[in-house]
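Please read the following report alongside the sequence and the model.

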Amino acid sequence: MVEVTSKGLTRVREIYQDRPHRAKELRAEDKKVIGYLCLYPVVEMMTAVDLVPYRMFGDMREPITRADTYMPTVVCPFLRSLLDLGLKGKYEFLDGVVMAHTCDVGAQVPGLWNTFVETHYSHFIDTPHTIHEAAQKQEKGELQDFQKSLESLTGKELTRERLREAIEAHNQQRALVRELYDLRKPDPPLISGTETLQVVVAVMSLPVEEGSKLLKEVIDEVKERRNGPPKKSARLLVWGPVIHETPLIEMIESLDANMVMDDTCVGSRAYFADIKLTDDPLDGLAYHYLVELKCPRTFREGVYGETSKEHMTDLKSRFNYLGDYAKEWRVNGVILQALRYCDSHGYEVPVVKDYLANIGLPSIYLEHDYTEGALAPLRTRVQGFLEVIS
Amino acid sequence: MAWFMGIDIGSGTSKGVVTNDGKLKAYHLLPSGVNYRIAAEKLREELLAKAGLLPEDIAYTITTGYGAGSVPFSNQQVADIRCCTRGINRIFPSVRTVIDVQGQSSQVIRLNEKGQVINFAVSEKCASGSGRFLDVITNVLQLELKDIGPLSLKSENPVVFTTGCAVFGESEAVSRVAEGIAKEDILAGVHKALADKISALVDRVGLEEQCAISGGGGLNVGLIKRVEEKLGVQLLIPPQPQLINALGAAVMAEEEANK
Amino acid sequence: MTKVVIIDNDEEIRARVVSHTGAEHRRLANKVMEEGLKQAGLSFDEISYVIATGYGRINVPFADRQITELTCHARGVVNFLPSVRLAIDIGGQDAKGLKINDGKLIDFAMSDKCAAGTGRFLEVLAAALGLKVEDLGNISLKSANKVPISSTCTVFAQQEVISRLSEGVPLEDIVAGLHDAIASRVAGMVKRLKIEPDVVFTGGVAKNIGVVKALEKNLGCEVFVPEEPLLSGALGAALLGKEITLKTLAEGEPIPRGERRLEEATFFK
Amino acid sequence: MTTEVKKRAINRLQTMYALRALVDEMYQSSLEAKKEGKPVAWCMLDGGYGGPFLNAMDVESVYPENYGTICAASGAAAPFLERSAAEGFPDHLCGYARNCLGYTATMTELGEIPPDAPTGGMPRPMLLLSSGMVCDARFKWFQALGRYLNAPVWTLEVPRPGMRESLMEGAYERNVDFIVKELRVFVTFLEGLLGEKMDWDKFEQDVNTTIEMDRVWFEVNELRKARPGPMHSRDFWSSMSASALRTTNPKRVTDLYRKMYDEVKDRVDNKIAGINREEKYRLTFVGLPPWHSLGFFDQLAERGWNFVIEQAYHPPGPIDLTWVKDPIEKLVRYRYQGLDHQIDDIFEPEEAAKVREEIIECGYSHQVAVRDAMDYQCDGAILHTLLTCRGTTAPLLLAQNRLMEVWKVPSLVIEGDIVDQTLFDPVDALRKAEAFEETMDHYKKVRKEAGLGW
């Protein structure tokens, strides 16, 4: 067992700087580390058979070169970058990958990964697109297949007990993350958006208990410390697809604003709903991953099968949680950010704007192409937005 | 003793050659200006003068390049990609991959022993993959295009250009300059970015030794070095890289006449 | 371009300087400022408040405060035409649409991802056609039927116009086509803001009568251009500076000064 | 230069015109239906799952995707695309979707169909029938239409075919069961929406006739394996809508396909090609076509390029379903044949076993994925990468790679768009095409040497 000397935010920064480092240590201890893409692969099931789930990302700083051979440039730059890293052997330390039908391009990655990247194990979960009951059953079926696949990989039986324990462990971690997010409610927040992102990224790179231990350390440290973020005029919520590197948030927080809340998948989406413990744990998991996760990739509606539809009612049923966030975290502006070529979020932008306008929250839409250079011109937009809402 | 003419009207420069039993007898370059027809006429005059020929001495003329359509005295038009491989094949028969970096686009082409195209990839409709990217940055830095290659080689630590787009690249370069970063480091970064694009194209068609570079890019030692680093091969550089397509056009003219 | 405007209490313009901003000159705003001071016959200490705006606003070490060109342009434009509801600014770097409601900026749209739809588009193409940018406007007015320019990317538009020219298309029709291309692109962008008159058009490109006309056609309403369209941002900044100063003085507060080093910007702290 | 008038390069099928005419008829009848107060639905191409239900319940349907192609072809798309941008939808979204969003926003603002809308326009729907198959764009786009329409959206669920996990034990049956269950709930929803009961006899009849219709259509396309290729892709694209859109009486469409079968068969017997030039190259078109610039294919035909097959919009092959009693299940088992059945259809048992292993191993089988190139003996493929379509564009380069690695068939990537004309540069495309001919010539030799047979 490697001695970990640093704690709390220092430890967080270490991991954030070099994510694979800890994963490689764990492998040296004969743990199996499984990479997973986006939020839809069920980490609880991996934990339950003693696998270490490791969230896979691209790298904004690494120019995409190899991937262009296999993926057109007019698709999600995050996934292009991820594939690029794979082709460059930067994910060789993984014992396997798990992917799900998160979006069109996401569903292409497994075929490419299996064909062109050296992989010991891979599994694809074909997550349905609606929240219909039959779709929930289908998701459960998909998870039963995933269970078989995990059992044959590890030679371990995935018993209900183990699964329950894993779900409890992850629910506990979710609770800790929410506790951390509570520290962003005061004005000024006790922890910055940049730091919060680093914490979540770190936690997504560690085994569940280790991540939770780290979270506790961070929470204690942040409560104690005196040198938290300064007071700023704007308290912002950031919405959109994956943000796992800090430049965008740093840019926002270098201006007269604190980023106090998010609705992204390396943030609240991953942690704000607990998984219900059902007799067959797979029922609770299926419900969580299909119905409770808030990524626009799922066709969510208030009550499905309604024969009449009214736009505002539909919006409320889909986005009231944003209104609640805004109230609890005293948000006075929303930044809708999206990666170029992200369709799921692209169609949602004007619709979310409708909802926010309806509850009187100003918002601005920023599109970027997953490069730091592309962020520079956005600075003026954000500052202009802050001037407008002040 | 048949004579052949190859004309390449590029969007920036027009090039022409005259060959005679497989040997280069005369060549000329001039700016295309705003009227391709006039440029072509002028080019022909110069070529004939240099070769001491009359128009009727030319057995066959093939034109290529962006303005090929507006050349009145052409017997036939041929796509630049084909001319490029014929031209390279005439100079380096052993070459199987050619990297053609032009003002408006870059292309990587694989060819067989006859100089025929067997695979190719063209940079996307975006200035980032073209020599134009270098022009843009050169303007930003207020330099001469001919100087940027050597200057870039002076760089110890190239700036990392995260974006491919020439427009982003421009504003990125501007802010780097404003930050007081040395021109050579910025240039080295730009050359690297372009070299990355090119090597991605090479990945697509597959690299086969020998590999040559042609087009205006073949004059830029900075770019050549970066591409060589990236691909781990030594590039063959023809004496007049920007003439290759014109030469290839003449070679095709020979083929046509011998049919 | 780096611009300096100095105004006095009565909002009289005491100095107006426009000087070319080369890559390096970005750091040399102080030189332009000194020129402005000379013109106004003032010493730097006599300036109550300095606001820096625009793309290089962060590179002005002698400013008391930085405000984006969005807010400053809006302020300058309102000063020119109080009834303005939409301001369009096309400069060399970007194009902006500003939605204004009783004198306040309430929303905006910006394009800086692509040279098309900015002044650079015209600069590059004027060069390609061997023309001066300032001549484009009048040339285009001669056009009876403009030719559509299909390429969006400046680089490929360049190819396109040259081959049109070779085909013998009259110069004026091509230039008119270019003006329509940039106008429709910018119009498309500002339509997000829902166009309402009055519309004001500023920035270097606003000096181009051809684009003004094309813009009016695309927006379907009259477009007003100030005498010095280049200065509206700097003027707005000066006016905001005055407001801030008077407000703080009225509150009996000291004016919130920055460090104010009238020297080149440096980036190594 | 010869002075005689040359025949048009593409040799169009006479039986195509009647099929193409059915599409205009669809828009007409939907407009009349609207006038008569009959229910109208906007539908996605859904692989044929939804059609029989709507037909059985007398719901007229129009297809916004198809309408996108019509607006593109008639040059009417630009204002709608611009409106969509003005509404705040990013420009990289699906061209069909932006055309439809712009159209609908305009229609809602005017309170009536935009005056200059092609084919009289699409009438306001009372139902939006979307589909989870092929791409995300389609249900996200119909969901976003909620800003302008109060019509409910139903999204038909279809598990992703072709993934190796669908070969796991029991997976196929579970998927079939899932789709069937979903469709039963859909019926309840429809009955609630229309206040009428489903006419099951009519439904069963429609299922059977549409399956027969697809069988004939399938056979037509089988004929295209002949040399020279008797039917050009342009005729396929003009004729496929009649069945893919499920708009008119399928019996009628079936008869027209039968006529087309006879014409194509006659061409095969008499070695008549789909182009009026020598068939120098046989090609397959991968991706969605540039509807606004189909003339491009005539220019290629001039050079002897015959597009003998295309990858999109083909019906599943016929299979024995006599044992299936329940009509919904019959519909599903025909439409959703899945990787498992594809493999059994294509290969002899022992080869099939090998292919299964390969798929389990690397998750993918070119032998299934890019098989057309071999079945139709193609010299090359054109891959159309679309700036606005992830669903069809993302897989293209993998296809390109496999085509070359396995069948030694080179492919040419051409950038463009299904709706936005300005994204397609025919001059540049032709320049690449000319060079590509040498490439195709080269690989003809390579395939011979590799003993690939064509």
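C:Ala87 has C:Val200 in β8(C) as its bridge partner. This is a predicted model, in which local features need pLDDT of at least 70 and side-chain atom pairs count only at pLDDT 80 or more, while totals for chains, interfaces and linings use all residues. Residues are numbered from 1 along each chain as its sequence is written, and chains are lettered from A and ligands numbered from 1 in the order in which they are written.

Helices (H or I, at least four residues) and strands (E, at least two) are DSSP runs, numbered from the N terminus, and two strands pair if DSSP finds at least two bridges between them.

| Strands | Bridges | Direction |
|---|---|---|
| β5(C) (residues 86-90) and β8(C) | four | parallel |
| β8(C) and β9(C) (residues 223-224) | two | parallel |

On the β9(C) side, C:Val199 stands opposite C:Val223. From β8(C) the chain passes through helix α7 (residues 209-219) of chain C to β9(C) in a right-handed β-α-β crossover, a term that applies if, with the strands pointing away from the viewer, the path from the first strand over the helix to the second runs clockwise.

In a regular strand, side chains alternate between the two faces of the sheet. In β8(C) (residues 199-202), C:Val199 and C:Phe201 point one way and C:Val200 and C:Thr202 the other way, and all are buried, that is, 20 or more other C-beta atoms, placed from the backbone, lie within 10 Å of the residue's own.

Chain C as a whole holds eight helices and nine strands. Its radius of gyration, taken over C-alpha atoms, is 20 Å, close to the 18 Å of the globule rule for 269 residues, so chain C is as compact as a globular protein of that length; the rule is 2.2 Å times the number of residues to the power 0.38. Buried residues make up 50% of the 269 residues in chain C.

Chain B is divided into domain 1 (1-84 + 242-259) and domain 2 (93-237), with bounds from an automatic or database domain assignment. The centres of the two domains of chain B, taken over C-alpha atoms, are 27 Å apart. Eight residues of domain 1 of chain B are in contact with 14 residues of domain 2 of chain B, contact meaning that C-beta atoms, placed from the backbone, lie within 7 Å.

Between chains, 50 residues of chain D and 54 residues of chain A take part in the contact. On the side of chain D that touches chain A, α7(D) gives the largest share, nine residues.

Conventions:
Contact = placed C-beta atoms within 7 Å. Buried ≥ 20, exposed ≤ 12 C-beta atoms within 10 Å, placed from the backbone.
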